[in-house]
Amino acid sequence: MALVAGVDSSTQSCKVVIRDAETGELVRTGRASHPDGTEVHPHHWWDALTTALEQAGGLDDVAAVAVGGQQHGMVALDAQGEVVRPALLWNDTRSAAAAAQLIDELGADGDGDGPRAWAEAIGSVPVASLTVTKLRWLRDAEPENAARVAAVALPHDWLSWRLAGHGPGADLTTLATDRSDASGTGYWSPFTGEYRRDLLERALGHDAVLPRVVGPADVAHRLQRTSGDLLVGPGAGDNAAAALGLGMSTGDVALSIGTSGVVSAISAQPIADASGMVTGFADATGQFLPLCATLNAARVLDAAARLLGVDHATLSDLALAAPAGADGLVLVPYLEGERTPNRPDATGALHGVRLTNTTPAHLARAAVEGMLCALADGLDAMRAQGVPVERVQLIGGGAQSEAVRRIAPTIFGLDVTVPEPGEYVADGAARQAAWVLAASQDATAQAPSWAASTSEVYSAAAEPRVREQYAAVRELTAKRPGA
């Protein structure tokens, strides 16, 4: 049987799955941790990938591999292919001021409406997460490093390049990426399928080599081996890979509760939201992946558990013991600033404290509801852009909380489907690798239809007053100094 490998190089760790290319059956796995921080040297990702692959038994008997990776991370390379500086990750907000500058500049070049100009150019309005803003920060804060930049890659681009045997001294034009990750840079257009080099130069101050964008089932790299060539697929941004792993189609929405919170959907048409709430990304199949991301998700639960001195199971029990709305106690969970809405300097707020609701159960409930209300704002933004929302799938580490599962339908006003726990980013990458392998033999081949995972559906009556009280407090935080 032919084997394929899928990699998930996330913020926190690297996971590898090796599956049967035809059936999707899991054969073996590996995992290794990444260091904490909002800037990380890419060599740590390579070390973790190497360790995870060793645990998974290596790639000697694997025919194709693809990498799903955290989006937006700025991997700057010099003319020799060496990393110029540690990569700024998606959750590094130091480029918030640079984002504002870029919006204003493009607006000044046109009719003054910077957000609309950016949305029409790249499908998104720049926030600190996007690579383009990090390049502007580099230009201004570290001009000597900016001058050394000969190529700009993303985490999954760089890892795919290294897997193919490239590295320092290699031809930089061998770098490759896919539509989904390119669409999160801030200098690639989902409308034209082309880079906007004028936007790259506006940010960095000069042109640079960018990874070529290959098709969803194309071979990005080919590593020659005596046992047979290893095909390296185009890979994908983590959210697009997860959508592929879940087998999402139009009308499906994935709500991922991990380090970040992500609301993503499949759309047949590109999105251009001048409000900045919805980013108009591409997916890993040739369609589009409108997306809303929050900086604060599972770590809100971590913080609440730490504050109460309990584990996550107890936090869940406490939350379910309190009434809906926590008797007026509201947590706005902007613990690390926020991206959606764009408030990078905001802090969290606990509002409505009374003697009657100062209990561990009320605080636990407020934490769960606050996190879910922030994600529900993303669902509303999707609907406002005409994106169909018919089925919500809840994934990620935070989805393992029983309180999150049971409270989510009351916040969203929809049934919530929870697939069995899985490595959906790595699985999506593996499915892409199987597609690449099949297409290398038959150009008309489609992505394999592997068996879907089992899932459980959670239903509950909607509690609109919870959203209402959250919205009122959320707007109060927008008026506070520094928010």
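This is a predicted model: local features need pLDDT of at least 70, side-chain atom pairs count only at pLDDT 80 or more; totals for chains, interfaces and linings use all residues.
**S13 and its surroundings**

Setting aside neighbours within four places in sequence, I found S13 in contact with D8, R31, A32, S33 and H34. S13 belongs to strand β2, which covers residues 13–20.

Is S13 buried or exposed? I noted a relative accessibility of 3%, so S13 counts as buried, the cut-off for that class being under 20%.

I then looked up the polar contacts of the S13 side chain. One goes to the side chain of K15, at 3.1 Å. Another goes to the side chain of R31, at 3.5 Å. R31 is also on the list of residues in contact with S13.

**Helices α2 and α4**

Next I checked how helix α2 (residues 96–109) packs with helix α4 (residues 131–141). The angle is about 105° and the axes are 8 Å apart. Angles of 65 to 115 degrees count as roughly perpendicular, so α2 is roughly perpendicular to α4.

Which residues make the contact? From α2 I listed A98, A99, Q101, L102 and E105. From α4 I listed V132, T133, R136, W137 and D140. Sorted by class, the contact has five nonpolar, two polar and three charged residues.

**Helix α10**

I moved on to helix α10, residues 298–308. Its buried residues are A298, V300, L301, A303, A304 and A305. What do they pack against? I wrote down two strands, β16 (252–257) and β20 (330–332). The helices on the list are α11 (312–321), α12 (360–384) and α13 (402–412). Just after α10, I noted that G309 takes a positive phi of about 70°.

**Nonpolar cores**

Last, I looked at the nonpolar cores. In soluble globular proteins, nonpolar side chains tend to be buried together. The largest core here has 58 residues. Which of its members touch the most others? They are I257, L372, L394 and F412. Helix α12 gives this core its largest share, 14 residues.

I followed up L394 and left out residues up to four places away in sequence. L394 touches L255, I257, A399, V404 and R405, and also A408, V416, T417, V418 and P419.

Definitions and conventions:
Residues are numbered from 1 along each chain as its sequence is written. Side-chain values use heavy atoms; hydrogens and water are left out. Axes are lines fitted to C-alpha atoms, for helices over the stretch in contact, and angles run from 0 to 180 degrees between N-to-C directions. Helices (H or I, at least four residues) and strands (E, at least two) are DSSP runs, numbered from the N terminus. Angles under 35 degrees count as roughly parallel, over 145 as roughly antiparallel, 65 to 115 as roughly perpendicular and the rest as oblique. Contact means heavy atoms within 4.5 Å. Ala, Val, Leu, Ile, Met, Phe, Trp, Tyr, Cys and Pro count as nonpolar, Asp, Glu, Lys and Arg as charged, and the others, Gly among them, as polar. Buried means under 20% relative accessible area, exposed over 50%, partly exposed in between (1.4 Å probe, protein chains only). A polar contact is a pair of N or O atoms within 3.5 Å; within protein, one must be able to donate a hydrogen and the other to accept it, and residues adjacent in sequence count only if both atoms are side-chain atoms. A nonpolar core is a set of buried Ala, Val, Leu, Ile, Met, Phe, Trp, Tyr and Cys residues joined through side-chain atoms within 4.5 Å.
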